[in-house]
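Please read them with the model in view.

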Amino acid sequence: MAYAVFNLRLENTWNNQRNNDAIWLFFKLKTSKGLIKHISIAPTGHQVVNVFSGEDPSLKFNTSADGVGVFIYPSIRYKGNIEVSLKVLLRPESFEGIETRNSSFDVFGIEMVKIPSGSYFVGLPNNLGRNRGVLYNPTENQSLIEVDSDSQEFEISQSGDIYYMSTEGYEGDQKGQIPITFPRGLQSFFIMKYELKEGQYVKFLNNLSESQVRKRIIHKEENYEGFIELDKNKFTSRYPDRPCSFVGWDDAMAYADWAGLRPMTELEYTKAARGPSRPVGIDYPWGLSGKETVQRLPDANGNMIMLNGLEESELSDDNKNHFGASYYWVMDLAGSLWERVITIGHENGRNFKGTHGDGVLTNEGEATNEDWPNGIENSGGIGFRGGGFYGYNREYHDFNPFSPVSFRPYGGWHGSMRTISYGTRFVRTSN
């Protein structure tokens, strides 16, 4: 039998009548020769050894079907911190041929939010936002489109099911079909609660082989403005909770594959932001038509802080607008950094099938999923949603730093480069 015993502390976790958050855990082993091995997890048999926090959260273990990782979350109504000791069973075959005594073993965790299954709306009412690439139904002259069937293939054309205006081509190619294999958010999925952080990217870099890490180094990029650096052969960050900018598309896909996750589609972005709510006008993820009440903004170093002193433990449906939290309490889907998504505006995006990473990269540090778009310039398949922070010295407008849910002026733009305002977050479909 192979297993890992370790302590886990989670802050501001919840399980309410709408949804819950979770931690996605996965394991890596690094041999004395620098070989990186992803360790598979057994389907059952995990247990809570000790509960150190006051209330027992009755944690549930949900191992992914492929054994790449495990979701852990409260199975009862709960809001607060969790501090426990866990025993997670591992698949012994993952250790075959490895001298474990001379290897290092690590567990990694990513905070996620569960997005329940169910229908939702894309677009805006009353023909709003047409000049911003907003989706609409051209044949029935319906500004709002209800996404309620996994078996429906949407045709993108002026005589089809979905269409959008395109002024400079950044919104997409205005054609093609969205096949039933394209993840559209009707099935339940988990999404990262926060954008990828510098501390997470640092751990990623420190757990790659020498040949893999070369292409994934971002702090040497010209005009780099983050805080990742190499110190005594270890990557570090002075601000590990800072949203990680300067992550290129191929960097992001390598992280997603390494962590057993996948990129999200622009339809999943809409579902995670808006939930099942039917918009009555231009709306932001927190459900209001304006952004003036948001108190969660970057400080001078790019860390996300609350200007009014509210603590995240105080987050509720009544004050989520102050936190910039979505319908499902996902943080910063508008503001902070731009959200890269798989677009419906290019063939390479529409061909995305939603395969998950398996924890294994190529020797050169590349993701291996064939249905994921790549970062080759102008190759197509990705886009941007949510707006991004360009700095306090830049003009304040409808995508700096916050952009409405349905606005997609760059919904089909293949911005794969490393730059200050581009971020990333990932998802995983529920079992």
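1. Strand 13, residues 189–192, is covered on both faces. F189 and I191 are buried on one side, and F190 and M192 are buried on the other. Buried here means under 20% relative accessible area, exposed means over 50%, and partly exposed lies in between, with a 1.4 Å probe and protein chains only. Strands are DSSP runs of E with at least two residues, helices are runs of H or I with at least four, and both are numbered from the N terminus.

2. The model is predicted: local features need pLDDT of at least 70, side-chain atom pairs count only at pLDDT 80 or more, and totals for chains, interfaces and linings use all residues. Residues are numbered from 1 along each chain as its sequence is written, and side-chain values use heavy atoms, leaving out hydrogens and water.

3. Which strands pair with strand 13? Strand 8 (residues 104–115) runs antiparallel to strand 13, and four bridges join the two. Strand 21 (residues 426–429) also pairs with strand 13 in the antiparallel sense, over three bridges. Pairing requires that DSSP finds at least two bridges between two strands. Opposite I191 in strand 13 stands V113, while the bridge partner of F189 is T429 in strand 21.

4. Helix 1 (198–206) is mostly covered, with eight of its nine residues buried. The buried residues are E198, G199, Q200, Y201, V202, F204, L205 and N206.

5. S209 sits in the loop between helix 1 and helix 2 (210–213). Is S209 buried or exposed? S209 counts as buried because its relative accessible area is 14%. Beyond its neighbours within four places in sequence, S209 is in contact with G34 and I36; contact means heavy atoms within 4.5 Å.

6. Two backbone angles deserve a look. Most residues other than glycine have a negative phi, and most peptide bonds are trans. D332 has a positive phi, near 65°, and so does N378, also near 65°. D332 lies in the loop between helix 5 (320–323) and strand 19 (339–342), and N378 in the loop between helix 6 (347–350) and strand 20. D332 counts as buried because its relative accessibility is 3%. N378 counts as exposed because its relative accessibility is 63%.

7. Where is there a cis peptide bond? One joins N400 and P401, with omega about 0°. P401 is placed in the loop between strand 20 (382–385) and strand 21.

8. The protein chain as a whole has six helices and 21 strands. A compact globule of 431 residues would have a radius of gyration near 22 Å, so the 21 Å of the protein chain agrees. That radius is taken over C-alpha atoms, and the globule rule is 2.2 Å times the number of residues to the power 0.38. Along the principal axes, the C-alpha atoms fill a box of roughly 65 × 45 × 45 Å.

9. Of the 431 residues, 59% count as buried. Among contacts between residues at least 6 apart in sequence, 75% join residues at least 24 apart.

10. The charged side chains number 44 positive and 54 negative, and the centres of the two sets lie 3 Å apart. Lys and Arg count as positive and Asp and Glu as negative, with His and the chain ends not counted. Each charge is placed at NZ of Lys, CZ of Arg, CG of Asp or CD of Glu.
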